[in-house]
Amino acid sequence: MSGYSQIALDIDEGIATITLDRSARLNAFTRTMMGEIIDAMDAIDADDAVRAVIFTGAGDRAFCAGADLAPEDGAKPFAAEQAVEDLSDPVVRDGGGRLALRLFNATKPLIAACNGAAVGVGATMQLPMDIRLAAETARYGFVFVRRGIVPEACSSWFLPRLVGMQQALEWTYTGRIFDAQEALAAGLVRSVHPADKLLGEARALAHEIARGTSAVSVALTRAMMWRLSAAEHPMHAHRVDSRAIYSMARTADAAEGVASFLGKRPPEFPLKPSRDMPAFYPWWDEPEYR
């Protein structure tokens with residue numbers, strides 16, 4: 001698909017691939033790239049034919065080398081130059097955080113295929129993705145303290161949940177670069193692969209998720225896992241579980257799931273996330289920036 005200048009979007013066999021496409025700049029992040037990814041995600045979530053999304057970087061050197069420190073428009077790389085009297089002004093909002101929140105709210109499974117350097121926002125944008133695969137050549141760095149700033153893209157929420165507080169603090173305190181094997185040992189990535197096998201492994205995983213599953217069940221499961229794991233009591237999960245099981249059990253997807261199992265045939269689930277989410281969804285009030 002065309003129309004983007006800093007990403008490429010390809011959809012094939014129900015799998016969307018978003019490629020960060022500024023290889024001459026090591027796929028460095030810009031506000032334009034942020035906007036294009038958000039736009040692509042809006043289109044993907046509206047397309048019931050897409051069942052999973054893979055993110056990767058163009059070329060063989062980098063997934064994303066962080067924020068572009070020398071933007072072509074001459075603007076400062078980390079924040080708007082415009083002075084504000086109130087820090088709740090939308091001008092203050094972090095671009096990486098806006099992207100992370102959009103990925104958090106996705107209805108499709110998100111898979112990172114990290115093919116090289118992933119530094120700063122190149123690392124933090126992967127945290128709201130559901131499963132992260134890395135090439136053997138991948139390198140990660142939460143380098144913010146070495147640039148005189150702080151972690152962004154909501155990473156103070158995501159990173160400790162993925163790797164634990166101690167590891168999150170070590171990586172963000174030191175700002176050091178670490179390799180794919182360290183990322184694997186800490187649980188940041190699910191698996192490490194030869195560079196030439198990475199996208200194939202990501203596609204195989206995406207097809208495994210999509211094959212024989214209810215798209216509505218997957219969308220509900222994604223929201224439940226991300227949102228309820230942070231709740232202060234399991235009762236919050238029980239309330240949503242109960243509503244979801246009750247609602248889905250009365251649908252054509254549940255009937256098809258049972259019938260296909262008993263008939264020993266592949267299921268053909270009719271429900272679509274764009275139109276068939278249960279009436280109680282969403283069960284949360286989305287916070288505003290203020």
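**Sheets, aromatic contacts and cysteines**

Four strands are arranged in an open sheet of mixed pairing, in the order 4-6-8-9. Strand 4 (62–64) and strand 9 (177–179) are the edge strands of this sheet, each pairing on one side only, and from one strand to the next the twist averages 20 degrees. The model described here is a predicted one, and the strand assignments and distances below refer to that model.

Strand 3 (residues 52–57) runs parallel to strand 5, to which it is joined by three bridges, and here Phe 55 stands opposite Ala 112 of strand 5. Strand 5 (residues 110–114) in turn pairs with strand 7 in the parallel sense, over four bridges, and Ala 112 has Arg 132 of strand 7 as its bridge partner. Strand 7 (residues 131–135) is mostly covered, four of its five residues being buried. In general terms, the strands of a sheet pair through backbone hydrogen bonds, in either a parallel or an antiparallel manner.

Aromatic side chains were examined next. The count of aromatic pairs comes to 13. In one of these, the ring centres of Tyr 281 and Trp 284 lie 5.5 Å apart with the ring planes at 90 degrees, and the pair is therefore edge-to-face. Trp 284 counts as buried because its relative accessibility is 18%, below the cut-off of 20%. Arg 227 lies over the face of Trp 284, at 3.6 Å from the ring centre. Elsewhere in the chain, Phe 104, Trp 157, Phe 158 and Trp 226 form one aromatic cluster, and Trp 157, a member of that cluster, has Arg 161 over its face at 3.8 Å from the ring centre.

The cysteines were considered last. A disulfide is a covalent bond between the sulfur atoms of two cysteines, and the count of disulfides in the model comes to zero. Cys 64 is in no disulfide, and the nearest cysteine sulfur, which belongs to Cys 114, is 9.5 Å away, whereas a disulfide would require two sulfur atoms within 2.5 Å. With a relative accessibility of 0%, Cys 64 counts as buried. Cys 154 is also in no disulfide, the nearest cysteine sulfur being that of Cys 64, at 16 Å. Cys 154 counts as partly exposed because its relative accessibility is 26%.

How values were computed: Residues numbered from 1 in each chain as written. Predicted model: local features only at pLDDT ≥ 70, side-chain atom pairs only at ≥ 80, totals over all residues. Heavy atoms only, no water. Buried < 20%, exposed > 50% of the residue type's maximum accessible area, 1.4 Å probe, protein only. Pairing = 2+ DSSP bridges. Helix = DSSP H or I, 4+ residues; strand = E, 2+ residues; numbered from the N terminus. Axes fitted to C-alpha atoms, helices over the stretch in contact; angles between N-to-C directions. Phe/Tyr/Trp six-rings, centres within 6.5 Å; stacked < 30°, edge-to-face > 60°. Lys NZ or Arg CZ within 6 Å of the ring centre and 35° of its normal.
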